[in-house]
Amino acid sequence: MQVVFHIGAPCTDDDRLMKSLLKNRNRLEKEGICVPTPAQYREILRDTIRALDGAPAPQEFQDRILDAANVPEGTERLVLSDPRMVSINRLVVIGAQFWPMIDRVARGLRNLFPGAEVEFMLGMRDPATLIPALFKGSRFDHFEEFTEEMQPYALAWSEMIQRLRIAVPDCPVSTWCNEDTPLIWGEVLREFAGCSPLYPMDGEDDLLEELMQPAGFKRFRAYIEKTPPENEIQRRRIAAAFLDKYAEEDALEEELDTPGWSPDMLEDMTEAYEEDLDTIAKIPGVTLIAP
């Protein structure tokens, strides 16, 4: 069996990916692909990881997880998702690192199903917006206190992904930028399910629908149906053109407070994040999904 762990990151898709995937659950299940409702298994998954403390899970522990998630017999691919699988929001960034505990957690997750083929999937986000979003969802009252020990200039997703690969070298990793998701949503969904690039996936336009004016989205859907794109690249170009013309401005802009961080600092962080993608794309065993 193949097991896919979607580990976040927090403040990226906000469970939208699972909601879109669940629209295809019945059809995928007929092909041996199981996408359980996250509420069925998240608690037992966390409890089991803590109980085992990194040790390989005995069959009875594996069976408890599969039973809780109502995984049918004969399932060939299982998708499990939890944005807090690695840590709570406050511990996503510590010092100069994303997820300092990724090594231990990844090994624990991998050992939940010792005999399975395990892979990890995660969405990244620009630290210039991720850290303020994490603060917004925290119990801290002051941004300066929340970021006191952080070294935002030193943060690099590539550093974390390299530690992940070293911790579980037999587990491939697929990753993407949260900022790109409106254009690559369908591809990310198919990557989760392990489907072919041409597999029809309900919900692949869910994010576009959220970001576009209703009239614009209706025109986009009519255009796609009348003139079906020949491939994924062409579809992205069409989506980008409609998004550029019909985007809901309020949906694209998120108000995030960053007292003490200058516009130049935010710009430098974003530039470093974008440059880091080249390093990520070259890490063995890593697939970077990009427009």
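Is Ser158 buried or exposed?

Modeller: Ser158 is buried, with a relative accessible area of 6%. Buried means under 20% relative accessible area, exposed means over 50%, and partly exposed lies in between, all with a 1.4 Å probe and protein chains only. A word on the basis first. This is a predicted model, in which local features need pLDDT of at least 70 and side-chain atom pairs count only at pLDDT 80 or more, while totals for chains, interfaces and linings use all residues. Residues are numbered from 1 along each chain as its sequence is written, and side-chain values use heavy atoms, with hydrogens and water left out.

Ser158 lies in helix 8. Helices (DSSP runs of H or I, at least four residues) and strands (runs of E, at least two) are numbered from the N terminus. The side chain of Ser158 makes a polar contact with the side chain of Asp276, at 2.6 Å. A polar contact is a pair of N or O atoms within 3.5 Å; within protein, one must be able to donate a hydrogen and the other to accept it, and residues adjacent in sequence count only if both atoms are side-chain atoms. Leaving out residues up to four places away in sequence, Ser158 touches Asp276, Thr279, Ile280 and Ile283. Contact here means heavy atoms within 4.5 Å.

Helix 8 packs against helix 14 (residues 263-281) at an angle of about 30°, and their axes are 8 Å apart. Axes are lines fitted to C-alpha atoms, for helices over the stretch in contact, and angles run from 0 to 180 degrees between N-to-C directions. The two helices are therefore roughly parallel to each other. On this scale, under 35 degrees is roughly parallel, over 145 roughly antiparallel, 65 to 115 roughly perpendicular, and the rest oblique. From helix 8 come Trp157, Ser158, Ile161 and Gln162; from helix 14 come Tyr273, Asp276, Thr279 and Ile280. By class, this contact has 4 nonpolar, 3 polar and 1 charged residues. Ala, Val, Leu, Ile, Met, Phe, Trp, Tyr, Cys and Pro count as nonpolar, Asp, Glu, Lys and Arg as charged, and the others, Gly among them, as polar.

Glu267 is also in helix 14. Glu267 is exposed, with a relative accessible area of 53%.

Two strands pair if DSSP finds at least two bridges between them. Strand 7 (residues 173-177) runs parallel to strand 8 over 4 bridges. In that pairing, Trp176 stands opposite Ile289 of strand 8.

Of its 8 residues, 7 are buried, so strand 6 is largely enclosed by the rest of the structure. Strand 1 joins strand 6 through 5 bridges, and the two run parallel. Phe5 has Phe120 in strand 6 as its bridge partner. Strand 6 and strand 7 are joined by 5 bridges, also in parallel. Here the bridge partner of Gly123 is Trp176 in strand 7. In a regular strand the side chains alternate between the two faces of the sheet.

Helix 9 also meets helix 12 (residues 232-246), at an angle of about 145° and with axes 8 Å apart. Pro182, Leu183, Ile184, Glu187 and Arg190 of helix 9 make this contact with Glu232, Arg236, Ala239, Ala240 and Leu243 of helix 12. By class, it has 6 nonpolar, no polar and 4 charged residues.
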